[in-house]
Amino acid sequence: MYILRLLILLLPISIFANPIRFQRDQINYIYHDARVNEVTLEKFHMLFERYYSKTQEELGAKKNYPLRIEIYTDAIRFRTNTGFASFTAGMFKPQAETFSFLLTAKTLQDDKLITIISHESCHAAFHSRRIESYQVPRSLEEGFCYLHYPYERILNRNDSAYYKMDFKKFLTVSEKNLAGSNKKKREEVYLVSAWFIRFLAKVKNKEDLMKILLDKYSLRNLDKEWEMFSR
């Protein structure tokens with residue numbers, strides 16, 4: 001009985017030990033499952049091609065083909081390999097230039113999948129356009145992508161402790177919370193940052209906002225805007 005239980009515990013590891021690798025158009029897929037669900041993959045591939053291209057064009061970014069995409073259908077394997085909680089659903093790793101997606105019954109709903117693809121493509125656009133080694137503060141990048149993809153998402157402003165911090169402290173504390181696994185704290189960063197980006201968007205269009213966020217010197221001048229926003 002002990003051996004049988006041990007085999008059952010090891011079964012998920014053996015199933016996902018060797019991911020399936022294949023190429024589709026200009027995308028190199030790594031499929032972390034025992035077998036490929038062709039219907040699921042076809043749906044994902046069609047939506048990814050459409051909304052990755054759409055997002056890059058809207059943000060004036062270069063499409064960096066060939067792309068590398070890792071597909072997961074198991075939340076445990078996704079969490080183990082990426083280091084992110086399964087509620088993340090999707091992520092873009094700029095260092096490896098790799099997208100990772102967790103496809104479940106929930107995330108495969110068309111509107112949800114389009115949101116996830118567009119949001120991660122927004123991150124890819126930032127890294128495609130960045131200059132030299134400068135990296136946009138993660139909280140502001142998340143706020144921009146959270147607000148614009150999908151566009152005009154309804155946001156309810158909350159009473160956050162972030163509004164009592166100065167701009168520098170907000171960036172420091174939010175970075176720490178984004179790196180953690182507390183879903184509520186991470187969502188609070190997305191929300192507050194998105195509200196700040198919306199505040200800036202009153203007098204700046206999407207392209208101007210990206211230029212500011214991508215320029216470390218312009219970014220330093222946001223202290224006054226943050227002070228007016230957080231009052």
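**Exercise 1. Find the relative accessibility of Glu-58 and say how this residue counts.**

Solution. Glu-58 has a relative accessibility of 37%, so this residue counts as partly exposed, a class that lies between buried (under 20% relative accessible area) and exposed (over 50%), with a 1.4 Å probe and protein chains only. The model is predicted, so local features need pLDDT of at least 70 and side-chain atom pairs count only at pLDDT 80 or more, while totals for chains, interfaces and linings use all residues. Residues are numbered from 1 along each chain as its sequence is written, and side-chain values use heavy atoms, with hydrogens and water left out.

Next, look for the partner: Glu-58 forms a salt bridge with Lys-54, with 2.7 Å between the closest N and O atoms. The term stands for a side-chain nitrogen of Lys or Arg within 4 Å of a carboxyl oxygen of Asp or Glu. Lys-54 is likewise given as partly exposed, at 39%. Finally, Lys-54 and Glu-58 are four residues apart in helix H2, which means that about one helical turn separates them. Helices (H or I, at least four residues) and strands (E, at least two) are DSSP runs, numbered from the N terminus.

**Exercise 2. Which parts of the chain does the salt bridge between Glu-42 and Arg-24 link?**

Solution. Start with the pair itself, in which the closest N and O atoms of Glu-42 and Arg-24 are 3.1 Å apart. Glu-42 belongs to helix H2 (residues 38–58) and Arg-24 to strand S1 (residues 20–24), so that distant parts of the chain, 18 residues apart, are linked. As for accessibility, Glu-42 is partly exposed at 39%, and Arg-24 is partly exposed at 28%.

**Exercise 3. Which helices hold Arg-129 and Glu-207?**

Solution. These two residues form a salt bridge, with 2.9 Å between the closest N and O atoms. Arg-129 lies in helix H4 (residues 110–129) and Glu-207 in helix H8 (residues 206–213), so the pair ties together parts 78 residues apart in sequence. Arg-129 is partly exposed at 21%, and Glu-207 is partly exposed at 30%.

**Exercise 4. How many salt bridges are there by this rule?**

Solution. The count comes to seven, and the pair Arg-129 and Glu-207 is one of the salt bridges described above. As background, side chains of opposite charge can pair when their charged atoms come close.
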